[in-house]
Amino acid sequence: MQGVRDKMLHGEQVPGCERCYQEEAAGKKSLRERYNANSDLPIQELIDLSSPKIRWLELAISNDCNLACRMCDSRYSWKWHQEEIKSFGQPRAQLEYNQIDIDQLNPFIHDLVHLKFTGGEPLITPGHWKFLDRLLAERSCSNIMLNYSTNCTIMPKPEWIEKWSKFKRVEFALSFDSINPCESEYIRWPSKFETTSKVTTKFLELKKSHGFDSLLRSTISVLNIWNMPETMAWWWAKDPGPNKTMNPTHLTYPEILSVTVLPKNLKIKIQDKFENFQSQFDVPEISKSLSYIVKIMNRQDDSNLLPELRNYLQKTDEFRAQNFAKSYPQFQEIWNL
């Protein structure tokens with residue numbers, strides 16, 4: 001860690017921070033920049049270099065999940081485990097089910113000011129609720145900020161809302177990937193779009209009724225880039241505001257699903273579609289997000305990975321009884337290259 005700090009202080013790039021560098025180069029504020037500017041978590045006041053303490057934790061407690069999203073694997077969702085064995089010969093995770101021992105977190109409970117829960121799906125992870133209950137029982141949580149990455153399929157329960165209300169701030173990064181039902185269900189299998197849209201709407205209602213922050217956190221990939229303008233417009237209309245927040249993030253894993261893999265002629269079509277949409281739907285926040293996506297898409301040419309992409313889609317389609325060509329008629333030419 002000291003080596004990482006020294007490199008950063010000397011302006012050297014660190015490989016593990018590649019996503020932030022890519023976002024910043026594309027005109028988007030990276031996670032580092034957003035947290036440095038976060039008045040709820042003033043870095044200078046929270047960090048004592050002479051006596052450092054763990055005050056910020058990002059927790060993937062287990063691979064409990066109800067979905068097997070296309071850009072995920074068995075390390076984060078047990079639903080992938082058997083499919084990886086059958087389709088690709090071996091799983092990414094050694095064990096089908098995995099979880100951390102949350103008792104290891106006990107020494108840090110009274111120093112925490114920020115908790116970020118990822119997955120699996122944190123809202124169905126028993127260890128997550130056990131840890132939250134422990135926090136509420138042992139200390140005041142009025143100075144703790146919670147952040148969730150959730151897949152928009154778990155309807156929040158009244159007792160959960162009551163618990164969240166005891167924290168300083170609660171933010172939900174909603175993985176709403178496409179307003180197109182075929183795309184949404186293809187990407188986040190075996191979800192149903194009707195459920196996804198209802199749950200997303202409920203979280204946006206909680207923003208108005210309870211002051212919880214809900215932001216659009218689409219994972220931009222080959223599988224949803226085409227309809228991103230329409231997806232953002234839907235979100236803009238649904239979000240009660242006034243602080244409408246969109247923070248789409250470009251996919252970096254698996255690399256074959258990255259938008260950089262698209263062939264040049266499809267990239268041109270997508271850019272033209274985005275620019276046409278921006279000229280008709282004049283919302284600066286949406287325009288900025290679409291411009292970021294275009295810059296990421298055009299930053300390099302990875303179309304040499306198209307054969308690998310087709311193989312991946314064919315194998316997963318077979319296991320899931322899905323059909324890429326049917327769900328993505330606009331990308332038919334991918335199969336003909």
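Predicted model: local features only at pLDDT ≥ 70, side-chain atom pairs only at ≥ 80, totals over all residues.
Trainee: What do the contacts say about parts of the chain that are apart in sequence?

Mentor: Look at the contacts between residues at least 6 apart in sequence; in this chain, 74% of them join residues at least 24 apart. As for charge, the chain has 43 positive and 43 negative side chains, and the centres of these two sets lie 2 Å apart.

Trainee: How many aromatic pairs does the structure hold, and how do I read one of them?

Mentor: The structure holds 21 aromatic pairs. To read a pair, take the angle between the ring planes, where a value over 60 degrees counts as edge-to-face. The rings of Tyr35 and Trp56 have their centres 6.1 Å apart and their planes at 85°, so this pair is edge-to-face. Tyr35 belongs to helix 3 (residues 31-36) and Trp56 to strand 1 (residues 56-59), so that the pair links distant parts of the chain, 21 residues apart. Tyr35 counts as buried, at 15% relative accessibility, whereas Trp56 is partly exposed, with a relative accessible area of 35%.

Trainee: Which parts does the pair of Trp226 and Phe331 tie together?

Mentor: Trp226 lies in the loop between strand 6 (219-220) and helix 10 (228-238), and Phe331 in the segment after helix 14 (324-327), so the pair ties together parts that are 105 residues apart in sequence. Phe331 counts as buried, at 0% relative accessibility. Aromatic residues can also be read as a group, for one aromatic cluster is formed by Phe117, Trp129, Tyr148, Trp160, Trp164, Phe172, Phe203 and Phe212.

Trainee: How should I read a residue in a loop, and is Ser62 buried or exposed?

Mentor: Ask where the residue lies, how accessible it is and what it touches. Ser62 lies in the loop between strand 1 and helix 5 (81-88), and it is buried, with a relative accessible area of 4%. Not counting residues up to four places away in sequence, Ser62 touches Asn98, Gln99, Gly119, Gly120 and Thr125.

Trainee: Which residues is Ser303 in contact with?

Mentor: Ser303 has its place in the loop between helix 12 (284-298) and helix 13 (306-320), and it is partly exposed, with a relative accessible area of 24%. Leaving aside its neighbours within four places in sequence, Ser303 is in contact with Thr260, Val261, Leu262 and Pro263. The C-alpha atoms of Ser303 and Val259, 44 residues apart along the chain, are separated by 9.4 Å.

Trainee: Which residues does a cis peptide bond join?

Mentor: The backbone angle to read is omega. A cis peptide bond joins Trp189 and Pro190, with omega about 0°, and Pro190 lies in the loop between helix 8 (181-187) and helix 9 (193-210). A cis peptide bond also joins Tyr253 and Pro254, with omega about -10°; Pro254 lies in the loop between strand 7 (249-250) and helix 11 (264-280).

Trainee: Where does Cys152 lie, and what is its phi?

Mentor: Cys152 lies in the loop between strand 3 (145-150) and helix 7 (158-164). Its phi is positive, about 65°, although Cys152 is not a glycine, and at 0% relative accessibility Cys152 counts as buried. Ala321, in the loop between helix 13 and helix 14, is a residue other than glycine with a positive phi, near 55°, and at 73% relative accessibility Ala321 counts as exposed.

Note on methods: Residues numbered from 1 in each chain as written. Heavy atoms only, no water. Contact = heavy atoms within 4.5 Å. Lys, Arg positive; Asp, Glu negative; His and termini not counted. Charge placed at Lys NZ, Arg CZ, Asp CG, Glu CD. Phe/Tyr/Trp six-rings, centres within 6.5 Å; stacked < 30°, edge-to-face > 60°. Helix = DSSP H or I, 4+ residues; strand = E, 2+ residues; numbered from the N terminus. Buried < 20%, exposed > 50% of the residue type's maximum accessible area, 1.4 Å probe, protein only.
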